[in-house]
Amino acid sequence: MGIYETLQERGLIAQMTHADEIREALNNSRITFYTGYDATADSLHVGHFLQLVVMRHLQLAGHRPIVVLGTGTTMVGDPSFKDTMRKMMTVEQIDYNAECFRKQMSKFLDFSEGQAFFVRNGDWLRELKYIDFLRDVGIHFSVNKMLAADCFRTRMERDTGLNFLEFNYMLMQSYDFLHLFREYGCQMQLGGNDQWSNILSGADLIRRVEHKPAWGMTFTLLTTKDGRKMGKTEAGAVWLDPNKTSPYEFFQYWRNVDDADVINCLKLLTFLPMEEIRKMESWQGGEINRAKEILAYELTRMVHSEEDANKALDAARAIFSAGGISDDMPTTKLEDVSEGIAILDLLMATSLAPSKGEARRLIQQGGISVDDEKITDVYQVIPASSFEKGHVIIRKGKKIFHKATV
């Protein structure tokens, strides 16, 4: 089985520009490909991780990845399927975020001896001369076709519309592909399925300007069985940075995925052999929890470390065993509880609720307990005496435990 068939079997491929050419190139030659990451935050998240998994599959098959850090494109912002314009960021913020990305990605791909490259598109995009860019690149783009693309059309149909700054994003990303084709011989761009229009435009630009083949391929977005995007919690995104989402919280996110989603996540996100995953498809009852544990362990090991994965696994088992306590469970140290602490403030302090409104909702729905006592009053104060043993254990729902210490 070639790498093309491997990606298909795992359900990673969504769309392609030239299927036969791509299959031939991936299975029978060595190509250079790229994926771009706009530096909109100081950490990668779970959605980015899926892209890194695809790149790793291809690198292991002998192909050469280029990681494009979007220090240029982030200054404009991708409007694709966004309700409003992205927040404008300073050059310093963008460069800092890009460096954070570089450090995180370095553990997933082999960058030794030209096996892969990091590049920053600000190095060429920030230096472009506007009129020359319009004449050399803009001439190849039809405004009619651009407005017909899904990524633009959805914004045009909203009251917010689309401003001229964002309208340039497709040209800039397409120029990235052309630049990498010329400098590195890059023949294929990868991206999420929401990038399809931008990827098509880049491949088309190379074929028009260089009269040579260039390809695009999108991979499946990480969604639940019913189509909701994964990688979000009530507290926000599931980050790869351990300071933003701890290894235990990361483990627990995957341990708690819906039964219907665990096999798909194993296929898309892990490197476990498909033979093993196919056996898990027939598992029932408690065996499904075992599959979730395997998923959570594998992903925590890859993103963080084997040590972190073992600690998270041990902590989860201890916590779920008769409500036990583990040294490795999520913990928040409180400043002063000499006069007690309001339950709403406690939930906010421990990040178990992102707002007091959400904290009220959780309590009203019976989803919060403190030291095994269900909280029913949104104005309840947890007295100082509850902390005489040094901590309280807060449970949200059935599966999320958090220790608050003093």
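**Lys398**

I started with Lys398, which sits in the loop between strand S14 (391-396) and strand S15 (400-405); helices (H or I, at least four residues) and strands (E, at least two) are DSSP runs, numbered from the N terminus. This is a predicted model, where local features need pLDDT of at least 70, side-chain atom pairs count only at pLDDT 80 or more, and totals for chains, interfaces and linings use all residues. Residues are numbered from 1 along each chain as its sequence is written, and side-chain values use heavy atoms, with hydrogens and water left out.

Buried or exposed, I asked of Lys398? Lys398 is exposed, at a relative accessible area of 76% (buried is under 20%, exposed over 50%, partly exposed in between; 1.4 Å probe, protein chains only).

Next I traced an open sheet of six strands, ordered S1-S6-S5-S2-S3-S4, with mixed pairing (two strands pair if DSSP finds at least two bridges between them). S1 (13-16) and S4 (117-120) are the edge strands with a single partner each, so one side of each has no neighbour in the sheet. Neighbouring strands are turned by 25 degrees against each other on average, direction ignored.

S2 (residues 32-38) and S3 (residues 64-70) run parallel and are joined by seven bridges. Gly36 is opposite Val68 in S3.

Then I checked what packs here. Helix H2 (residues 19-28) touches S1, S5 (186-192) and S6 (215-219), and its direction makes about 85 degrees with that of S6 (contact is heavy atoms within 4.5 Å; axes are lines fitted to C-alpha atoms, for helices over the stretch in contact, and angles run from 0 to 180 degrees between N-to-C directions). Helix H11 (residues 196-209) lies across S1, S5 and S6 too, running at about 165 degrees to S6.

**H10**

I looked at how H10 (residues 169-184) is placed: 13 of its 16 residues are buried, so the rest of the structure largely encloses this helix. Just after H10, Gly185 has a positive phi of about 70 degrees.

**H12 and H15**

Last, I looked up the packing of H12 (residues 247-255) on H15 (residues 286-303): the angle is about 145 degrees and the axes are 8 Å apart. Among the contact residues are Phe250, Phe251 and Trp254 in H12, and Leu295, Tyr297 and Leu299 in H15.
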